[in-house]
Structure formats: C-alpha cells, structure tokens
Amino acid sequence: MVTSPPPDSPTTASRRLQAARALWRALAAWSAGLVAGLHQTWRRSLQVRVVTITLVASSLLVGGFAYLIADKITSILLENAETDVLLRLRNGSDYASKQFGLYSQPQEAQLQDTIDGTVNYLAGGDPAQTSGVVVAITADRYTGIIEPRTSPDAQVRPLISRELRASVAAGQIAHQIRTGELAGERTKYLVYGSPVPTRFGQLELYYLVPLARQDATAADARATVVATGVALVLLLGLLAALVTRLVVTPVRVAARTAQRLSAGLLDQRMVVNGEDDLALLAASFNQMATNLQRQILRLEEMSRLQRRFTSDVSHELRTPLTTVRMAADLIFAERDEFDPAVARSAELLQAELDRFEELLTDLLEISRFDAGFAMLDSEPTDLVPVVHRVSDRLAGLAERVGVTIELDVPAAPVIAEVDPRRVERVLRNLVGNAVEHGEAKPVLITLGMDENAVAITVRDHGVGLKPGEEKLVFNRFWRADPSRARQTGGTGLGLSISLEDARLHGGWLEAWGAPGQGAQFRLTLPARAGDRLTTSPLRLVPADATLPFGGPRDGGLLAIGPGSAGALAIGPTAAGDDRAEVSS
C-alpha cells in the first residue's frame, strides 16, 4: 500500500516562512545597497554622468534613425515586390482573357483544358522556376461547373480571404499579405487577385508570391543597421569617456592638490603640460597656491612674533611687578599711619596691582594656549564640591552687589575625569560674570549628568545679550557695554581662557542670551577623558525663557555658542531637550 507523505508540521512551515522572509530581507538589503552605490557613484563621478548621458542620448538618436532606415528598406522591398507582381498579374489577366474569349459557355469541354494550360503557362513564366510563385484561376460564380486550378498544385483557398474574393468578384484588382503553409513551411505571401473577363462571364486570376527573400533581406538590413548603431553608440561612449577623462583628470588632480594644501602641505603643486586651457588652469592654480603659501607663512610668522612678544612681555613684567608688589605691600601694611588721602591711594595701588598681576597670569595662560603647550591633568573628580567651592568664594562679591547665588546640584557625587583646577577656573569666570551682570537678581547654578557627559549651567536674569553678541562673548577683551564699570576688576580674558579650557577637555562652552531675559552659559564635558561629545544633559535655552513664535514649546530658536573646535554650536533648543545640537 502506498501512503502519502505526512503534511508539513507547523514548525517546518514556520521555519520555511522565516527562511523566505530572511532571503527577501537579504535581497532587499542587497538591492538597496546596490542602488545606494550607484546613486553615490552618479553623484560623485562627473565622468560617469557624462558617459551615461552620452550613451542614453546617442542610443535614442541612433535607435530612432535605425528604425526609420529599417522601415524604409522594408517598404522599398515590399513596393518592388508589389510592382513586379502587379505587372505580371496584368499581363497574365490579358493573356487569360484572350485564351478564354473563344468560349461562350462554361460547359464547353475544352474550357477546363484551356484553364489548365493557361495556369501552367502563367506559372512557367517565372524564369527561375524555383521562386515559389503560385498561380491560381478560380470561378466562384461557376462552382461545380469549372474546377479551380493552381500551378504548382496547392491548396490556396485558406490564403485567399473573403474580403479579397469579394473585391476581385466586384471587378477590382486587390491584394493582401497573408501567412500560411503551401509547401510544408509556414511562409508569408503577397496575394494579388484580378478579374478575367470572358464571353460567358468572369473568372478570377490570383498570384501568390512568397516574401521570404524580402523578409530575409529586410532582416539582414535591420541586423546591419542595429550592429552599426550599437558600434556607433559604443564608439560615442568611448569617445565621451576619453574626452571627459582629459578634462576630469586635471580637475581631480587639482582637487587632491587642494586637499593636501588644506591639510598644511603648502609645497604641493600641479604639473603643467602644454599650453591649452587645462595647462592655464594648472598654472593659475599653482600661482594661487604660491601666493597663499607666501601669505600664510607671513601670517604665521606675524602670529608667532605676536605670541612671542606677549609671552616675553609677560615674563619680563614679572620682575618689576615683584619689586613693585613688595613696595606696595609695605606701603599697604603701613597705610594706617598715613593721612586718609595717602591711605586711600595705597589701597587703590594694592587693588590695581592685584588686577595687573591677574592680567599677567591670564596673558601667560593665553600664550601657553596659543603656543600649544597647555597640558590637561585629568583625574576622577567630584564636581559637586567644586561647584560649592566656587559659590563660597564668590559669596562675598554676590552679597556686596545684592545677588543671591542658588545651587541646583544632585545629592549624589557627580564624578568625571577632568582637570579640577581648570574646571574651577571656568566656573569662577562664569559665575563671576553672572554676578556682575545679574542686576541684583538671583544667579542659578545647575549641575547635571548622564552616561556620557556632565554639564553645568550658570543662569542670570540681568540685561542679557543682544542678537549676535553670543558669538562675541568669548573674544578676547570684548565687553558688551564698554561704559559699564566692572565690579570684579576682570581682565577681559576670562571667557577666552574658559573656552580654551573647555576645548582642551574636548567639551563645549556655549552661550545663550536675550535682551531683558538675562543669559545662560553651559559648560559640557565628557564624563571620560578622550570621549567625544554628542549631546548635553542640560538645556542651553532656559525653560523660563520667552522665545519667538509664542514661547518655549513652539521652538524655532537657534542656540549659538562656541563648540568643541572653537566654532559655533548651532541646533534647535527651544523645546524639550537640545540634543539636536551639532558642534563642529
């Protein structure tokens, strides 16, 4: 007994379905990768675009011409065949009419023999005798009296349509192109029919001419035209590739040379060959590179001399400053024995010497940053005590100007691999500026962290920043209001040094401000030294800020501040968290 195999179990069917899905996903992924690769090649390669466009355009043009030429050749061959058959048909009709003119009744005995002889004679008129032409005489009006005859003997009725018979019976010369089998092979025939008038009525004469030779000739012509067109298209594509290569190669060389120049290899030049336009381009490019190299070297030398001058002056001022400091300390210590005017002068001298010494310290620090000698001493540091320490040190200044410093820090430690001295200096500068510009309103310091970064924001509610000033606050010696008196006696280099400290950590120092709404500065540092920042745990735009387009929820404001490479960090920060920021 034969048993049928058991049907697939649900597990087997599920596995097959999963395999089919996996195969489909793999095929879709491969197709998407192929399309993406082709699209990338199309966008990046000028030569590919030019050659592709040339091939497509030339293919359409050559294809159109090939179609027209092939169609014209086929039409000419068919017209020649029709002309030849029509001439033979008319001659045959005249000959048959004369032969049958002797008979007045279709029943005459010799009429059938005459029809047979006439058909054979007309068919024998072909010199080659192998052309396959079939001649037929029929008598539709005298069916059963006159038998139709063909030469050579073949069944031609399927090739003669009713429409053609009706036209010939109506006394017209008509023709059709029909396909059928007469000699055991399916062939296309040109069928011509003509009436043959007699004394007793009308007979019909048909010529069936095979078009195999014309079809073969037309096919050879089409093949020749197509082959010539394909060769022409390929030749045009090759020519376009060669011409494009002549133009694209110098452009690519210029692009590579420009990349090397931008990388600092200022001695790179293009090779100049010939005297054509491309050679002129190479010569002009080399001249431009030479001028740029000369200008860059001159600017570098000027910058080096300027940095050297700043460093030398800062160091040279240390010695006289030390002497003046010793004398000033002595005078300041004995100020109680002087009259009030001299005592006040001693206090002013002491204060200005403190500021002068701070300025020299900042200049030396700036010179180290400019020279690239600044070093980062990172160590795991709890930032909560750092924030408290900065707040305590500036509490006296805040109390003097009527500003309250508020802290929003986690109760748990916030550990990050940073240089505590530099981070404390950045916070001291930010909080000091916020207190100075706070307009006797509270200053809020917020500390936050996530898995990858820590952030500290300093928010004041003072006069704020005008549009565009958030780009200038980190410039050296820049002040929003030059007429405004400083409370802290700052040097004007604090935010510049803070920016360099943040950059040295691989972090961001960004600013936001609006007139009448105060300002907020955000310091974002990687939790682990050497990591790259992508987001910040805290918002740059404060939640209580009134933004354009209706408020914080509407979004649309761009937060702008120096990013990790000294450029500006720009990103939508109006609503929610500002993780869409991009820092260059």
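This is a predicted model: local features need pLDDT of at least 70, side-chain atom pairs count only at pLDDT 80 or more; totals for chains, interfaces and linings use all residues.
Student: Why is helix 2 called roughly antiparallel to helix 5?

Tutor: The axes of helix 2, residues 46-100, and helix 5, residues 212-262, cross at roughly 160° and come within 8 Å. Because angles over 145 degrees count as roughly antiparallel, helix 2 is roughly antiparallel to helix 5. The crossing in which helix 2 passes helix 5 is right-handed, and their contact has 20 nonpolar, 10 polar and three charged residues by class.

Student: What makes helix 2 and helix 3 roughly antiparallel to each other?

Tutor: The same cut-off applies, over 145 degrees, and the axes of helix 2 and helix 3, which spans residues 109-123, cross at roughly 155° while coming within 10 Å. Helix 2 and helix 3 are therefore roughly antiparallel to each other, and their crossing is right-handed.

Student: Which residues meet where helix 2 and helix 3 are in contact?

Tutor: From helix 2 come Gly92, Tyr95, Ala96, Gln99 and Phe100, and they meet Leu111, Thr114, Ile115, Thr118, Tyr121 and Leu122 in helix 3. By class, this contact has seven nonpolar, four polar and no charged residues.

Student: Which residues is Thr244 in contact with, leaving aside its neighbours within four places in sequence?

Tutor: With those neighbours left aside, Thr244 is in contact with Leu46, Gln47, Val50 and Thr249.

Student: How do you know that Pro250 counts as buried?

Tutor: Pro250, also found in helix 5, has 17% relative accessibility, and so it counts as buried, the cut-off being under 20%. Leaving aside neighbours within four places in sequence, Pro250 is in contact with Arg245, Met270 and Leu278. Pro250 and Ala279 are 29 residues apart in sequence, and their C-alpha atoms are 8.8 Å apart in space.

Student: What makes Thr150 count as buried, and where does Thr150 lie?

Tutor: Thr150 lies in strand 2, residues 149-151, and at 18% relative accessibility Thr150 counts as buried, because the value is under 20%. A polar atom of the side chain of Thr150 lies 3.4 Å from the backbone oxygen of Pro152. Beyond neighbours within four places in sequence, Thr150 is in contact with Val119, Val134, Val135, Ala136 and Val156.

Student: Where is Pro152, and is the peptide bond from Ser151 to Pro152 cis or trans?

Tutor: Pro152 has its place in the loop between strand 2 and helix 4, residues 162-169. The peptide bond from Ser151 to Pro152 is cis, with omega near -5°.

Student: Why does Val156 count as buried?

Tutor: Val156 lies in the loop between strand 2 and helix 4, and its relative accessibility is 6%. Since buried means under 20%, Val156 counts as buried. Not counting residues up to four places away in sequence, Val156 touches Val134, Ala136, Thr150, Leu182 and Leu208. The C-alpha atoms of Val156 and Ala136 are separated by 7.8 Å, and these residues are 20 apart along the chain.

Student: Why is Glu439 called partly exposed?

Tutor: Glu439 has a relative accessible area of 39%, and because buried means under 20% and exposed means over 50%, Glu439 is partly exposed. Glu439 lies in the loop between helix 11, residues 420-436, and strand 9, residues 443-449.

Student: What is phi of Glu439, and what is phi of Ala440?

Tutor: Phi of Glu439 is near 55°, a positive value in a residue other than glycine. Phi of Ala440, which is found in the loop between helix 11 and strand 9, is near 60°, and this is a positive value in a residue other than glycine.

Notes:
Residues are numbered from 1 along each chain as its sequence is written. Side-chain values use heavy atoms; hydrogens and water are left out. Axes are lines fitted to C-alpha atoms, for helices over the stretch in contact, and angles run from 0 to 180 degrees between N-to-C directions. Helices (H or I, at least four residues) and strands (E, at least two) are DSSP runs, numbered from the N terminus. Angles under 35 degrees count as roughly parallel, over 145 as roughly antiparallel, 65 to 115 as roughly perpendicular and the rest as oblique. A crossing is left-handed if the near helix is turned anticlockwise from the far one by less than a right angle, and right-handed if clockwise. Ala, Val, Leu, Ile, Met, Phe, Trp, Tyr, Cys and Pro count as nonpolar, Asp, Glu, Lys and Arg as charged, and the others, Gly among them, as polar. Buried means under 20% relative accessible area, exposed over 50%, partly exposed in between (1.4 Å probe, protein chains only). A polar contact is a pair of N or O atoms within 3.5 Å; within protein, one must be able to donate a hydrogen and the other to accept it, and residues adjacent in sequence count only if both atoms are side-chain atoms. Contact means heavy atoms within 4.5 Å.
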